[in-house]
Amino acid sequence: MTVTHAQRRTPKVAKTNSVFKKAVMAVSGIILVLYLIAHMIGNLKAFSGAESFNSYSGWIRTVGNPALPGATALWIIRIVLLVAVVAHIWAAVSLWRQAKRARPQGYVTKKAVAQSYASRTMRWGGVIILAFIVFHILDLTLGTVNAEGFDSEPFDRMLASFQNPVVTIFYAIAVILLGMHLRHGIWSATQTLGQSNRRREKTVSAFAVVLATVLTIGFLLTPFAILFGLID
């Protein structure tokens, strides 16, 4: 007597949902990367002095004037970023829970051994990055936890923040984790959007490493320059 064991197959609906969530994560991640590039360039203006940096900060709040009144463009950007962050977190958590339900515990353990360090730390690294974003907004945007307060100039708030070694170290840890997150995320996004294959994997991996490295170094230059007195 022959016994046939039916193979477990992922339902079509589940596959469709998984693809959709991965696409949401990839697209939202691309939006956030584009913002990070612009943000890094803006931060580097601190090397040009207080007047240049404050002028840049003021321009951000009035961009689009007079076609768009007040800080309309800035609020549009903020809303898009908020939606991208929420969508990214939702997709990440949803995919993680879906994978956890679908995989036996033994398989997960073996799989973890083969994963890269960045891949295995994406979740808790993301939590630390999210906590830092909240602190960063309270510190430099709202000024509620900054020694200079909200009514001060942006350059003065930045100096007050990064002259504190504890804040700078926290910033550095978050940025390094962000770089690791980006390296793995960029590679995953190209896979999800169908822009990578075996022939392109080396190129995509190199691009991910270069971009993540440039952003990491770019974001670390300003706070450490302030901490060591190169910007004052």
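These are my notebook entries on a predicted model, taken one region at a time.

**Ground rules**

I number residues from 1 along each chain as its sequence is written, and side-chain values use heavy atoms, with hydrogens and water left out. Since the model is predicted, local features need pLDDT of at least 70 and side-chain atom pairs count only at pLDDT 80 or more, while totals for chains, interfaces and linings use all residues.

**Overall fold**

I started with the secondary structure and found 9 helices and 0 strands. Helices (H or I, at least four residues) and strands (E, at least two) are DSSP runs, numbered from the N terminus. Along the sequence the pattern reads α-α-α-α-α-α-α-α-α.

Next I looked up burial. Of the 232 residues in the chain, 33% are buried; buried means under 20% relative accessible area, exposed over 50%, and partly exposed in between (1.4 Å probe, protein chains only). The chain exposes about 15,000 Å², and carbon and sulfur atoms supply 67% of that. Accessible areas come from the Shrake-Rupley method with a 1.4 Å probe, and for residues only the protein chains shown count as cover.

I also checked contacts, meaning heavy atoms within 4.5 Å. Among contacts in the chain with a separation of 6 or more, 69% are between residues 24 or more positions apart.

I then went to His 88, which sits in helix α3 (residues 72-102). His 88 counts as buried because its relative accessibility is 18%. Its side chain makes a polar contact with the side chain of Ser 28 at 2.9 Å. A polar contact here is a pair of N or O atoms within 3.5 Å; within protein, one must be able to donate a hydrogen and the other to accept it, and residues adjacent in sequence count only if both atoms are side-chain atoms. Leaving aside neighbours within four places in sequence, His 88 is in contact with Met 25, Ser 28, Gly 29, Leu 32 and His 181.

Leu 32 was my next stop, in helix α1 (residues 12-43). Leu 32 is buried, at 19% relative accessible area. Not counting residues up to four places away in sequence, Leu 32 touches Leu 81, Ala 84, Val 85 and His 88.

In helix α2 I picked out Ile 60, which is partly exposed with a relative accessible area of 25%. Ile 60 and Ala 71 are 11 residues apart in sequence, and their C-alpha atoms are 8.1 Å apart. Pro 66 is in the loop between α2 (50-62) and α3. I found a cis peptide bond joining Asn 65 and Pro 66, with omega about 0°.

**A nonpolar patch**

On the surface I found a nonpolar patch formed by Ile 89, Val 93, Trp 96, Leu 130, Ile 133, Val 134, Ile 137, Leu 138, Leu 142 and Val 145, with about 760 Å² of accessible area together. α3 and α6 (122-141) are the elements that give two or more residues to this patch, and α6 gives the most, with 5 residues. Patches are made of residues with over 30% relative accessible area and no salt bridge: like charges are joined within 9 Å, nonpolar side chains (Val, Leu, Ile, Met, Phe, Trp, Tyr) within 5 Å. A salt bridge is a side-chain nitrogen of Lys or Arg within 4 Å of a carboxyl oxygen of Asp or Glu.

Leu 142, one of the patch residues, lies in the loop between α6 and α7 (154-162). Leu 142 is partly exposed, at 39% relative accessible area.

**Glu 148 and α7**

Glu 148 is in the loop between α6 and α7 and counts as partly exposed at 43% relative accessibility. Not counting residues up to four places away in sequence, Glu 148 touches Asp 156, Arg 157 and Ala 160.

Why did I write down α7 as largely enclosed by the rest of the structure? Because 7 of its 9 residues are buried. Phe 155, Met 158 and Phe 162 are among them.

**Aromatics**

I logged 8 aromatic pairs in the structure. Phe 162 and Tyr 171 form one that is edge-to-face, at 4.9 Å centre to centre and 75° between the planes. Rings of Phe, Tyr and Trp (its six-membered ring) pair if their centres lie within 6.5 Å; planes under 30 degrees apart count as stacked, over 60 as edge-to-face and the rest as tilted. Phe 162 is buried at 3% relative accessible area, and Tyr 171 is buried at 4%.
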